[in-house]
Amino acid sequence: MKSLHVAIVGAGPAGSSAATFLAQQGARVTLLERGRFPRDKICGDGCTPRTLWMLERLGLGTLPGSETEAAPVDAIYAISPGGVVLDMAIPTRLFGGKASVIPRQVLDERLVQRAVQSGAKLREGVRVEGIEREANGIVLRCRDGEAVRADLVLGCDGSPSVVRRALGAPDFPDHEGAFAVRAYYENVRLSRPRSMAFYWEKELLPAYGWIFPLPDGRANVGLGLRADQLAASGAKLPELMERFCASPHVAAELAGARRVGKVKGHHLPFGSFARHTHFDRALLLGDAAGFVNPLTGEGIEFALESGAFAAEAVAEAVAAGDLSARGLGGYARRWQTRFRTAFQLNRKLMFAFERPRLLDRTFRAAIRNERVRDELADVISGEASSISWRFLAGVALGR
């Protein structure tokens, strides 16, 4: 590994995670980031219990407990289209039942600092515009004319990804992606300050919205909708966001609050289309690979884990002396084992969550039936890979 030079394009959660694990194994790692830290990243900022587990693996276990940088969360609050309220604790079996909301401006900077502490070299303000292959390596062409040579490149540059396109991977179809918008609010007095709140407003379906608490009386408020549905509706997400914030349940939570800055949007590629992830001397990670939960839009945990999987697969390939797509195939085997079934399930569940009566019925069953409630918590937390017949029977019978 000490003779290996890995160039990582993008220093978000996926890139910094891979950089940390690779540098700890002795590889020479260069992180190329087009922005400069601290920098914002449009996101819901929600960190699931599994995300916190990954932060512990990376040596950042104290970050979620910092009251000035993160808001602790241990419950889920959700309202169905018919107004059925589900208020439940995150089960302790899910990595202790603890989650957090950490602004990406904070999270990403702490992650990249950890990568640098582990031995990675960070270069900010570098825009990679293309990739060329040489006999024994990869050349990254940058906007200022600089050429960065490496043995291996990891594309961690989000969606849309320059690296993904340069490698010849197809773009994500509209029906396999969504657009989301979010805004920050201050002077917020939430009724449930330790809950991640989700709202399925009947007038806004198939869109759904959220309010996540942040430190110092702030909140992350957002709305998401599948790209093809957004195009078919002819609506604009900022307009839907205004309607969401004016809806009775949300307006009550934001009474007296003030929006800070602009409403900003971003693209979310679905993991159900994640098929092109390993190439000769190259891997795609995080959003660039499509590692996003189709139901909730969560991607941080998958980005962090893909960094660990990439580091393990690269070590195997180096040991075998094979950096071809075949030699790096261990990466695909790892993420498919961990992610694929969950992505496929959540892609199907997305249709159920767009049907008002079915969602009302599911929430009512969850209130009455502990088994249904526990499995629904798994779904919303991103931990479900299957749905039991008991869950389906409970929803069908309404109990």
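The largest cavity is lined by Tyr77, Leu190, Ser191, Arg192, Ser195, Ala197, Tyr199, Ile211 and Glu253. The model is a predicted one, in which local features need pLDDT of at least 70 and side-chain atom pairs count only at pLDDT 80 or more, while totals for chains, interfaces and linings use all residues. Residues are numbered from 1 along each chain as its sequence is written, and side-chain values use heavy atoms, with hydrogens and water left out.

A cavity here is a set of points, on a 1 Å grid over the protein atoms alone, where a 1.4 Å probe fits but cannot get out; lining residues have an atom within 4 Å of a point. Its volume is the space filled by probe spheres set on the points, which are joined across faces, edges and corners. The structure holds two cavities of 30 Å³ or more.

The largest cavity has a volume of about 70 Å³. Strand 14, residues 195-199, gives the largest share of its lining, three residues; strands (E, at least two residues) and helices (H or I, at least four) are DSSP runs, numbered from the N terminus. By class, this lining has five nonpolar, two polar and two charged residues. Nonpolar covers Ala, Val, Leu, Ile, Met, Phe, Trp, Tyr, Cys and Pro, charged covers Asp, Glu, Lys and Arg, and the others, Gly among them, are polar.

I turn to the second largest cavity. About 40 Å³ of space lies in it, and its lining consists of Phe198, Trp200, Tyr208, Leu295, Thr296, Phe353 and Ile380. That lining has six nonpolar residues, one polar and no charged residues.

Next, the aromatic rings. The structure holds 19 aromatic pairs, where rings of Phe, Tyr and Trp (its six-membered ring) pair if their centres lie within 6.5 Å, with planes under 30 degrees apart counted as stacked, over 60 as edge-to-face and the rest as tilted. The ring centres of Phe172 and Phe273 are 5.4 Å apart and the planes stand at 65°, so this pair is edge-to-face. Phe172 lies in the loop between helix 4 (162-166) and strand 13 (177-186), and Phe273 in the loop between strand 17 (258-269) and strand 18 (278-279), so the pair ties together parts 101 residues apart in sequence. Phe172 counts as buried at 12% relative accessibility, buried meaning under 20% relative accessible area with a 1.4 Å probe, protein chains only. Phe273 is also buried, at 12%.

For Phe198 and Trp200, the ring centres are 6.3 Å apart and the planes at 25°, so the pair is stacked. Both Phe198 and Trp200 are buried. One aromatic cluster is formed by Phe198, Trp200, Tyr208, Trp210, Phe212, Phe353 and Phe363.

Methods:
Buried < 20%, exposed > 50% of the residue type's maximum accessible area, 1.4 Å probe, protein only. 1 Å grid on protein atoms, 1.4 Å probe; cavity = no way out; pocket = protein on both sides within 12 Å on 5 of 7 lines; lining within 4 Å.
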